[in-house]
Amino acid sequence: MNNIMGNVNEEEMREIEKFEMENLEEMRNEPEDMSRIAPWTKQITIRGLIASLAIGIIYSVIAMKLNLTTGLVPNLNVSAALLAFVFIRTWTKLLQKAGIVTSPFTRQENTIIQTCAVACYSIAVAGGFASYLLGLNRKTYEQAGVDTKGNTPGSTKEPGIGWMTGFLFVTSFVGLLALVPLRKIMILDYKLTYPSGTATAVLINGFHTSKGDKIARKQVHGFIKFFSISFLWAFFQWFYTGGGNCGFAQFPTFGLKAWKNSFYFDFSMTYVGAGMICSHLVNLSLLLGAILSWGIMWPLIAGLKGDWFPATLPESSMRSVNGYKVFISIALILGDGLYNFLKILYFTASSIRTRAKTGDLKTLSDKQNQDDLRRNEVFVRETIPIWVACLGYTAFSIISIIVIPIMFPELKWYYVVVAYILAPSLSFCNAYGAGLTDMNMAYNYGKVALFVLAALTGGDNGVVAGLVGCGLIKSIVSISSDLMHDFKTGHLTLTSPRSMLLSQAIGTAIGCVVAPLTFFLFYKAFDVGNPNGEYKAPYALIYRNMAILGVQGFSALPQHCLQLCYGFFAFAIFANLVRDLSHKKFGKWIPLPMAMAVPFLVGAYFAIDMCMGSLIVFAWHKLNSKKAGLMVPAVASGLICGDGLWILPSSILALAKIHPPICMSFS
């Protein structure tokens with residue numbers, strides 16, 4: 001799901017291209033002398049690691065909140081680069097005022113901080129805390145139906161800091177080394193664009209010019225202003241949440257009847273900011289999914305109580321309305337995922353075949369300008385020995401093959417061996433496709449592994465084997481693709497590949513510790529996994545039901561649900577076909593089925609928040625397009641970070657049993 005929010009949308013790319021064109025001449029007039037580029041050992045600094053740790057922790061908290069509430073996490077790479085710039089510039093200015101001389105802040109150090117911080121919070125996003133790992137706990141097991149075939153009492157494992165940290169350490173580092181030997185082929189020979197990596201590089205390069213410095217200063221002021229507003233607003237709202245269903249988040253904006261069907265604006269600056277970052281198409285797709293599900297389908301299906309399902313069953317039962325919510329969401333997700341999976345494979349295969357026929361594999365071209373030659377020289381000069389990557393991959397794989405079956409006896413060791421043999425080729429396909437389209441399809445590879453392992457293992461062990469195997473494949477394939485994005489950023493900012501790989505490894509190690517601690521901050525302070533609460537963790541239930549479906553087939557579905565699933569699966573494929581085959585002018589308005597699927601299970605409120613963010617961006621562009629293009633990322637990041645940072649003190653207050661004094665509720 002994260003790839004919908006993670007991709008660079010068309011509007012953002014247009015603004016980035018415009019920004020690059022405006023600053024291109026100035027960047028060329030301010031070339032970075034090769035002799036001034038610090039050696040790779042000095043590009044990673046102590047102050048940079050401290051900044052990375054601070055940014056990584058803040059974004060891990062934000063990402064965990066988004067994961068546990070809706071499962072949607074926007075791309076925070078650009079704002080991480082901005083925060084890195086803010087952090088180090090503030091640091092150096094304070095030291096200068098104190099009379100202490102500091103080393104200059106370079107684009108290479110900026111890149112390293114951004115890479116390390118993103119690697120840290122990416123573990124919170126893709127570590128399975130709201131999906132395949134949380135799907136193992138007893139609460140999710142009970143929601144999936146204790147009488148459901150394949151959903152056995154022994155197929156549970158309660159969250160724990162120890163085993164979660166260990167699982168992350170043995171699975172995350174393998175992906176870092178899977179594609180290192182192919183970095184030159186992917187970046188220089190195939191010249192893959194990696195739009196997210198390119199966008200981040202353009203931003204960082206822009207910061208480190210005289211004009212870029214002025215632009216960054218304006219963005220910093222905007223970020224700090226809206227960060228403060230968002231934090232204070234979250235603090236103010238806390239006073240009115242002294243009980244269940246209390247506070248501004250439950251305000252019946254459109255009336256009580258709409259509120260009961262989850263249609264209300266919940267005043268969450270996190271989702272408003274996320275809506276400002278995401279494209280209009282994503283936000284409108286969310287709203288369409290909310291209207292179709294909570295506005296039309298669920299009230300109609302609830303009215304068929306006693307006909308389609310027993311009237312005695314609670315609505316939360318998988319044999320009641322909740323079953324339709326979960327499995328129709330799965331149908332949309334699988335339909336969209338299958339289509340994009342096959343599309344990416346087709347483009348990857350055809351692109352490789354075309355390059356092989358034309359022989360377009362030259363590293364350096366006569367037409368390349370001096371800047372490109374300089375970037376290529378830096379990228380090739382800092383080699384990473386192939387034997388180091390192969391030895392590291394083998395060593396980490398052996399550790400994982402030994403440790404994972406001990407942690408989860410349901411997943412046999414030979415399945416893990418096969419996974420690590422296939423992983424490099426799967427990682428190459430995914431990283432190549434991401435370079436062409438900016439779509440990280442790791443979650444699709446994970447779902448394939450989930451179904452295959454659940455079906456092969458079967459019986460009482462199928463669910464656990466499927467969920468753990470899903471995490472294993474998804475982790476390797478996703479991290480290796482992310483590393484290629486970082487290599488692209490490093491190539492364009494003249495940053496050493498060695499320092500990029502090391503910073504990614506450091507960030508991953510920090511994330512393996514920070515992410516479980518962040519998760520338990522929420523798990524202990526809030527009611528995580530409650531389908532009627534704020535922290536629903538919808539994807540935990542979705543992934544567990546996928547595993548159950550793999551074990552027992554379609555007998556897990558409630559009455560008439562299969563027919564509805566067929567319809568929505570076909571709709572997902574049809575919508576994608578229409579968008580890809582129709583004229584771009586019309587295709588850009590075809591909804592995204594993957595985005596539509598989220599409110600089917602979660603509710604409509606966050607879609608309204610995100611559409612509010614989209615409306616702000618639309619109006620801002622109409623009033624002052626140039627200023628909007630400059631300030632939207634900074635303002636959105638400020639709103640997200642301010643609201644997200646309040647989670648830390650509010651969690652501490654909840655753990656200390658300090659409750660808000662007022663309950664504002666409506667009925």
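Helices (H or I, at least four residues) and strands (E, at least two) are DSSP runs, numbered from the N terminus. The model is predicted: local features need pLDDT of at least 70, side-chain atom pairs count only at pLDDT 80 or more, and totals for chains, interfaces and linings use all residues. Residues are numbered from 1 along each chain as its sequence is written, and side-chain values use heavy atoms, with hydrogens and water left out.

View 1. Helix H27 spans residues 647–655. Ile647, Ser650 and Ser651 are buried there (under 20% relative accessible area; exposed is over 50%, partly exposed in between; 1.4 Å probe, protein chains only). The three cover an arc of only 100° around the axis, so they sit on the same side of H27. That arc is taken from the directions from the helix axis to the C-beta atoms. An α-helix has 3.6 residues a turn, so residues three or four places apart point the same way. Just after H27, Lys657 takes a positive phi of about 65°.

**View 2. The disulfide of Cys246 and Cys663.** A search of the whole structure finds 1 disulfide (a pair of cysteine sulfur atoms within 2.5 Å). Cys246 and Cys663 form it, with their sulfur atoms 1.9 Å apart. The torsion about their S-S bond is about -65°, so the disulfide is left-handed. The pair links distant parts of the chain, 417 residues apart. Cys246 lies in the loop between helix H11 (210–238) and helix H12 (256–260). Cys663 lies in the segment after H27. Cys246 is buried, because its relative accessibility is 7%. Cys663 has a relative accessible area of 40%, so it is partly exposed.

**View 3. Cys561 and Cys565, in no disulfide.** Cys561 is in no disulfide; the nearest cysteine sulfur is that of Cys565, 3.8 Å away. Cys561 has 0% relative accessibility, so it counts as buried. Cys565 is likewise in no disulfide, and its nearest cysteine sulfur is that of Cys561. Cys565 counts as buried because its relative accessibility is 8%.

**View 4. A nonpolar surface patch.** Ile161, Phe169, Val513 and Leu517 make a nonpolar surface patch of about 310 Å². Patch residues have over 30% relative accessible area and no salt bridge; like charges are joined within 9 Å, nonpolar side chains (Val, Leu, Ile, Met, Phe, Trp, Tyr) within 5 Å. A salt bridge is a side-chain nitrogen of Lys or Arg within 4 Å of a carboxyl oxygen of Asp or Glu. Helix H8 (161–177) and helix H21 (497–525) each supply at least two residues of the patch. Ile161 belongs to helix H8. Its relative accessibility is 36%, so Ile161 counts as partly exposed.

Terms used: Accessible areas come from the Shrake-Rupley method with a 1.4 Å probe; for residues, only the protein chains shown count as cover.
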